[in-house]
Amino acid sequence: MNPPGIPTMKKALLCSLLALPALCFGAYPERPINLIVPFPAGAGSDLTARTIAACMESKIPAARFVVLNKPGASGDIGLSALAQAAPDGYTIGLVNTPGVISLPIERKTAYTLDSFDFIANLVEDPGTISVHADSPIRTVADLVAAARAKPGAITVGTQGIGSAGHISALSLEQAAGIKLTAVPFQGASPASVALLGKVIDGAMTNLGEAITFANGKPWRILGIMSPARSSQAPDIPTFQEAGYTVLGGSMRGLAAPRGIPAEAMAQLTRAVDECNRDDTYLTRARNTYQPLRYLKRDEYIKNLQAVDRELRKLWSVNPWQQ
């Protein structure tokens, strides 16, 4: 008679050798689920991941999520880790636009959109630009005037080449006919530290991050890159109000490596759907300045495909790595 545990070990070995996780899928989850975040702790993506993870734990019996921050290379390190993880339902990740789309366009990566099974979109956070409160730049018009007077002299921190902040900076340059110097960081948090230390002149962050960073600190948000003012910060003007049609920001959603078992996908999508009707989750997201935009799987994929077409068109005209 085999000792306890041997049948389970044999099954795990057989499934590993066969590389057929869907056929060998048991009760889910049987162990912790890793949630990869391609940016540092404290950034908007990290906050979104931890907020949804806490809610999903309450919706999936016996579930425990472990948030793993894997920052670097504008999100490429974390996205590569997610794409290359075993498609067994025990590794998912937070994916952001434009990075999940822009990085494979600009460079050779270990993934494309086809490398992932998308679960749902959670947040759409418009872009902003901020300066230190001591800066003589007080408005978008002031920023444009300063950049025109000294092309390239104004430094703005971004989350890296091809990130939402970087592409937003390029969009502003094109719309206003100016030249900025984009300074890449590993995420919004280190860029904010550099701004508060006056190492850089401005920081391109999403609105939720900017509001959080500005709380009690010498930080001034100049404008928001959305069609209309945000209910979260109604006093901040849009770039369109200053005469520049600049729209930017980031969608944050959940994805898994391509090929996860249908049972796992069903559990994950159901949990996210229930969270978006959960008052505790909705209140926490609102109180931490996360502009929710829940898109179910099919709609999310269509949106990503549309962004992919737009960014490929932009790249053909003006490659953002240059």
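Predicted model: local features only at pLDDT ≥ 70, side-chain atom pairs only at ≥ 80, totals over all residues.
1. The largest pocket holds about 640 Å³ of space. Its lining has 25 residues, and those closest to its centre are Glu-124, Leu-247, Gly-248, Gly-249 and Glu-310. Two or more lining residues come from each of strand 4 (116-132), helix 6 (164-176), strand 9 (249-257), strand 10 (292-295) and helix 11 (297-317).

2. Helix 11 makes the largest contribution to this pocket lining, with 5 residues. By residue class, the lining of the largest pocket has 13 nonpolar, 8 polar and 4 charged members.

3. The length of helix 11 agrees with expectation: at 1.5 Å a residue its 21 residues should span 30 Å, and the end C-alpha atoms lie 31 Å apart. Buried positions in helix 11 are Tyr-300, Asn-303, Leu-304, Val-307, Asp-308, Leu-311 and Trp-315. Viewed down the helix axis, the buried residues of helix 11 fall within an arc of 150°, so they line one face. An α-helix has 3.6 residues a turn, so residues three or four places apart point the same way.

4. On the face of helix 11 turned away from the buried side, the exposed residues are Asp-298, Lys-302, Arg-309, Glu-310, Lys-313, Ser-316 and Val-317. Glu-310 is also among the residues closest to the centre of the largest pocket. The cover over the buried residues of helix 11 includes strand 3 (91-96), helix 4 (99-106), strand 4, helix 6, strand 9 and strand 10.

5. The whole structure contains 2 cavities of 30 Å³ or more. The largest cavity has about 180 Å³ of space. It is lined by 23 residues, with Phe-39, Ser-45, Asn-96, Gln-159 and Ser-250 nearest its centre. Helix 2 (44-59), strand 3 and helix 4 each give two or more residues to this lining, and strand 3 gives the most, with 3. The lining of the largest cavity comprises 10 nonpolar, 12 polar and 1 charged residues.

6. The second largest cavity has a volume of about 30 Å³. Its lining consists of Gly-127, Thr-128, Gln-159, Ala-164, Gly-165, Ser-168, Met-204, Thr-205 and Asn-206. The lining of the second largest cavity has 2 nonpolar and 7 polar residues, and no charged ones.

Methods
Residues numbered from 1 in each chain as written. Heavy atoms only, no water. 1 Å grid on protein atoms, 1.4 Å probe; cavity = no way out; pocket = protein on both sides within 12 Å on 5 of 7 lines; lining within 4 Å. Points joined across faces, edges and corners; volume = space filled by probe spheres on them. Helix = DSSP H or I, 4+ residues; strand = E, 2+ residues; numbered from the N terminus. Nonpolar A, V, L, I, M, F, W, Y, C, P; charged D, E, K, R; others polar. Expected span 1.5 Å × (residues − 1). Buried < 20%, exposed > 50% of the residue type's maximum accessible area, 1.4 Å probe, protein only. Arc of directions from axis to C-beta. Contact = heavy atoms within 4.5 Å.
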